[in-house]
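Please have the sequence and the coordinates open.

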Amino acid sequence: TRSFNFVSTADSVYVRWLSWSDPESGIVSYTFSVLDVNGTELLAPATYGPELGSTSRPVKFANGQNFTLVVTAQNDAGDTTTRTSDWIVVDTTNPL
């Protein structure tokens, strides 16, 4: 089972992914990026080693902005698998 857990604020994004496995060649890296509804990168892709399962990066979101997180795993043979989160809406308004 592969899943993502996300928590966001207006000035950073946190992404956590469960380890993926490839018993034949092993996972060598994970890359994640943040995209808006038009597919524009809000945060340039960043690549991490296989030992990392989460990261937090600064980014500026506007209230009401929609975005999605994309994580790609690459194995030692160069094959990749990509997973995309559901849409996330930034809501910085205080509760009534």
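Of the 96 residues of the protein chain, what percentage count as buried? The share is 32%, where buried means under 20% relative accessible area with a 1.4 Å probe and protein chains only. The model is predicted: local features need pLDDT of at least 70, side-chain atom pairs count only at pLDDT 80 or more, and totals for chains, interfaces and linings use all residues. Residues are numbered from 1 along each chain as its sequence is written, and side-chain values use heavy atoms, with hydrogens and water left out.

**Whole chain**

- The protein chain has eight strands and zero helices; strands are DSSP runs of E with at least two residues, helices are runs of H or I with at least four, and both are numbered from the N terminus.
- In sequence order, the pattern is β-β-β-β-β-β-β-β.
- The C-alpha trace spans about 55 × 25 × 20 Å along its principal axes.
- Among contacts (heavy atoms within 4.5 Å) with a separation of 6 or more, 52% are between residues 24 or more positions apart.

**Surface and charge**

- Carbon and sulfur atoms hold 47% of the accessible surface of the protein chain, which is about 5,800 Å²; the areas come from the Shrake-Rupley method with a 1.4 Å probe.

**Strand S3 and its partners**

- S3 covers residues 27–36, and it is largely enclosed by the rest of the structure because seven of its ten residues are buried.
- S3 runs antiparallel to strand S6 (residues 66–75), with nine bridges joining them; two strands pair if DSSP finds at least two bridges between them.
- Thr31 has Thr72 as its bridge partner in S6.
- Five bridges pair S3 with strand S4 (residues 41–48), also in the antiparallel sense.
- On the S4 side, Leu35 is bridged to Glu41.
- Four residues lie between the strands in the hairpin of S3 and S4, where Gly39 takes a positive phi near 85°.

**Ser33**

- Ser33 lies in S3 and counts as buried, with a relative accessibility of 9%.
- Leaving out residues up to four places away in sequence, Ser33 touches Leu43, Pro45, Thr68, Leu69 and Val70.

Note on methods:
Buried < 20%, exposed > 50% of the residue type's maximum accessible area, 1.4 Å probe, protein only.
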